[in-house]
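Here are some notes to go with the model, meant for someone opening it for the first time. Have a look around before reading on.

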Amino acid sequence: MLNLKVSVIGSGNWGSAIAKIVAENAAENRDMFETDVRMWVFEELVAGQKLTEIINTQHENVKYLPGIKLPSNVVAVPDLLDAVEDANLLVFNVPHQFLPRICSQLKGKVPSTVRAVSCIKGVEVSGDGITIIADYISQELGIYCGALSGANLAPEVAQEKFSETTIAYKVPDPSDSIDARVVRTLFHRPYFHVNVVADVAGVSLCGALKNIVALASGFVDGMAWGDNAKAAIIRRGLLEMTKFGREFFPECKASTFTEESCGVADVITSCSGGRNNKLGAALIKTRRPIFELEEELLKGQKAQGVTTAQEVHEFLERRGKLEDFPLFTAVHDIIFSGLDSYALPQILEDVEQKY
């Protein structure tokens, strides 16, 4: 028996949906996992009551995943260090801009034998370059970290509507007790199918870059250009996603972008009605500041595409590569530099031969 302790770091709608999946599987595989799954919750008051108390008594995250019953073995914990104490496997699921602060609290307090899976869709950009979230966690905490990403709208997953996902997990040591089989057992459900691959960089980049494409598809919705235009944006977006991965992360596999749920499937889903698509549409319709719209529409949650568009733009600009990624660049400039969204067809036509 392995008796692995699992902790989920994060409790937004996606964090709560993942905690539900993990807890269901922990309860069904007691030869492998300890039954209780701790979930770190940023404490806040909801109708005068602590959110952790609501989750632990009503078994529902009434703020971020209302209407969904969580398994009774999901234990909400308000203190981060208490939540991860003695854990063997950490599941990270927070907005990526909050990750540095979380890692700073965990640094030096997590044994190197602990393994992790990141469900965070974003990248970290610094003067030294661009780092995928899984690698950032590994570097900060000194532990191995894989990545989960797919066409997974949290409410649909929580409602147990069929979907697929991709987990990138390459066993760091053949003697590791936490291998791909264990990871698949922890996440795979009859309604949530898991395919495990080794391409951590590709899976991570898909999860980050697709949010930029979803913003562009939202612009199309805001301009009421229809499905033909959206299909064009999806095609161009996939091209730029694949090009970015292959150019800056040579270990990426092109097939990850075109064959896995984390790639083409997630782009389609995100461009059909995810947060970033809705935010992009609202920007075009209202012409209000993007962060004001984000606060109003998402009620405390984040659309990762806005931050990712900024960070990718910064990375490409430093390398003189903006012209090689016209869609990514246009998304940034429409949001932050006042570029007219109606210029998109001409921008894309001017660079067609680059592909």
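Which residues does S149 touch, leaving aside those up to four places away in sequence? Keep that one in mind while you go through the points; bear in mind too that this is a predicted model.

1. **The S149 question.** The contacts of S149 are K121, T165, T166, V203, G207, C262 and D266, with residues up to four places away in sequence not counted. To find S149, go to strand β10, which covers residues 144-149. S149 has a relative accessibility of 2%, so it counts as buried.

2. **Overall make-up.** Zooming out, the protein chain has 16 helices and twelve strands. Its C-alpha atoms fill a box of roughly 60 × 50 × 35 Å along the principal axes. The radius of gyration is 20 Å, which agrees with the value near 20 Å that a compact globule of 355 residues would have.

3. Of the 355 residues in the protein chain, 57% count as buried. The accessible surface comes to about 14,600 Å², and carbon and sulfur atoms account for 49% of that.

4. **Contacts along the chain.** Take the contacts between residues at least 6 apart in sequence: 74% of these join residues at least 24 apart.

5. **Charges.** The protein chain carries 35 positive and 46 negative charges. How far apart are their mean positions? The answer is 2 Å.

6. For C103, the nearest cysteine sulfur belongs to C145 and is 8.9 Å away. A disulfide needs the two sulfur atoms within 2.5 Å, so C103 is in no disulfide. C252 is in no disulfide either, and its nearest cysteine sulfur, that of C206, is 7.7 Å away. Are C103 and C252 buried or exposed? C103 is buried, at a relative accessible area of 0%, and C252 counts as buried at 1%.

7. **Backbone angles worth a look.** Most residues other than glycine have a negative phi. H59 has a positive one, near 55 degrees. You'll find H59 in the loop between α2 (51-58) and β5 (74-77), and at 23% relative accessibility it counts as partly exposed. R287 also has a positive phi, near 60 degrees. R287 sits in the loop between α12 (275-286) and α13 (290-298).

Terms used: Residues are numbered from 1 along each chain as its sequence is written. This is a predicted model: local features need pLDDT of at least 70, side-chain atom pairs count only at pLDDT 80 or more; totals for chains, interfaces and linings use all residues. Side-chain values use heavy atoms; hydrogens and water are left out. Helices (H or I, at least four residues) and strands (E, at least two) are DSSP runs, numbered from the N terminus. The radius of gyration is taken over C-alpha atoms; the globule rule is 2.2 Å times the number of residues to the power 0.38. Buried means under 20% relative accessible area, exposed over 50%, partly exposed in between (1.4 Å probe, protein chains only). Contact means heavy atoms within 4.5 Å. Accessible areas come from the Shrake-Rupley method with a 1.4 Å probe; for residues, only the protein chains shown count as cover. Lys and Arg count as positive and Asp and Glu as negative; His and the chain ends are not counted. The place of a charge is taken as NZ of Lys, CZ of Arg, CG of Asp or CD of Glu.
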